[in-house]
Amino acid sequence: MRRPHKAAAPVKEGPRANSEIRAARVQLIDSDGSNRGVVAIQEALQIAEDLGLDLVEISPNAEPPVCKITDLGKLKYQSQKKAAEARKNQKVIEIKEIKMRPNIDTHDYETKMKAVRRFFDEGDKVKLTLRFRGREMAHMELGMQLLNKVREETAEIAKVEAEPRLEGRQMMMVLAPR
């Protein structure tokens, strides 16, 4: 026999407020920020109700829990604005890839290095990939010399995050901005 699916109880987000506070006694902070000391929960709820505000649990893990008399809607709105501001200001670090060949010409190399510097200015990491084809596989030291040259040129603006290593026909190195 199949039993009916029971949905889980909805999880409330944000701090507990008013009748949801389970402690018998709380450390009460007034609406203007002054400390009223330890009071019974009923007395704290009555004070908040008289002021037309909510009793909000600020620090539930303290002994006794710290509660503040404030407007719950206003508190939620401010926390949402703070979270949105933090999301807006965060920078997602991307890994940009620069592909080269071991026998790259000087002008092509300089163009690639200009792009590498631009990526570091933007705060991104750079993955340098050297691809070997055919007979180039016999001269891995040329690829190593090229990657060491890149490392020396970018030493003051970048640090090596992953040392050069060979994977099949490709040699890779990851640089991160300082």
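Let's start at Gln-27, which sits in strand β1, a run covering residues 25-29. Everything here comes from a predicted model, so keep that in mind as we go. Is Gln-27 buried or exposed? Its relative accessibility is 18%, and buried means under 20%, so Gln-27 counts as buried. If we skip the neighbours within four places in sequence, the residues in contact with Gln-27 are Asn-35, Gly-37 and Val-38, along with the run Pro-64, Pro-65, Val-66 and Cys-67.

Now jump along the chain. Gly-143 is 116 residues away from Gln-27 in sequence, and their C-alpha atoms are 67 Å apart in space.

The crossing of α3 past α4 is right-handed. Which residues make the contact? From α3 come Tyr-109, Met-113 and Arg-117, and from α4 come Leu-146, Lys-149, Val-150 and Glu-153. Sorted by class, that contact holds four nonpolar and three charged residues, with no polar ones.

Val-150 turns up again in the largest nonpolar core, which has 20 residues. Val-150 is among those with the most contacts inside this core, together with Ile-98, Met-100, Val-126, Leu-128, Leu-130 and Leu-175. Strands β5 (95-100), β6 (125-131) and β8 (170-177) each supply at least two residues of the core, and so do α3 and α4. The biggest contributor is α3, with six residues.

For a view from inside, pick Leu-128. Neighbours within four places in sequence aside, Leu-128 is in contact with Ile-98, Met-100, Val-116, Leu-147, Val-150, Met-171, Met-172, Met-173 and Leu-175. There is also a second, separate core of twelve residues, including Ile-21, Ala-23, Val-26 and Ile-47.

Last stop: Thr-129, a residue of strand β6. Its relative accessibility is 3%, so Thr-129 counts as buried. What does Thr-129 touch, not counting residues up to four places away in sequence? One group is Glu-97, Ile-98, Lys-99 and Met-100; the other is Gln-170, Met-171 and Met-172.

Definitions and conventions
Residues numbered from 1 in each chain as written. Predicted model: local features only at pLDDT ≥ 70, side-chain atom pairs only at ≥ 80, totals over all residues. Heavy atoms only, no water. Left-handed = near helix turned anticlockwise from the far one by under 90°. Helix = DSSP H or I, 4+ residues; strand = E, 2+ residues; numbered from the N terminus. Contact = heavy atoms within 4.5 Å. Nonpolar A, V, L, I, M, F, W, Y, C, P; charged D, E, K, R; others polar. Core = buried A, V, L, I, M, F, W, Y, C linked by side-chain atoms within 4.5 Å. Buried < 20%, exposed > 50% of the residue type's maximum accessible area, 1.4 Å probe, protein only.
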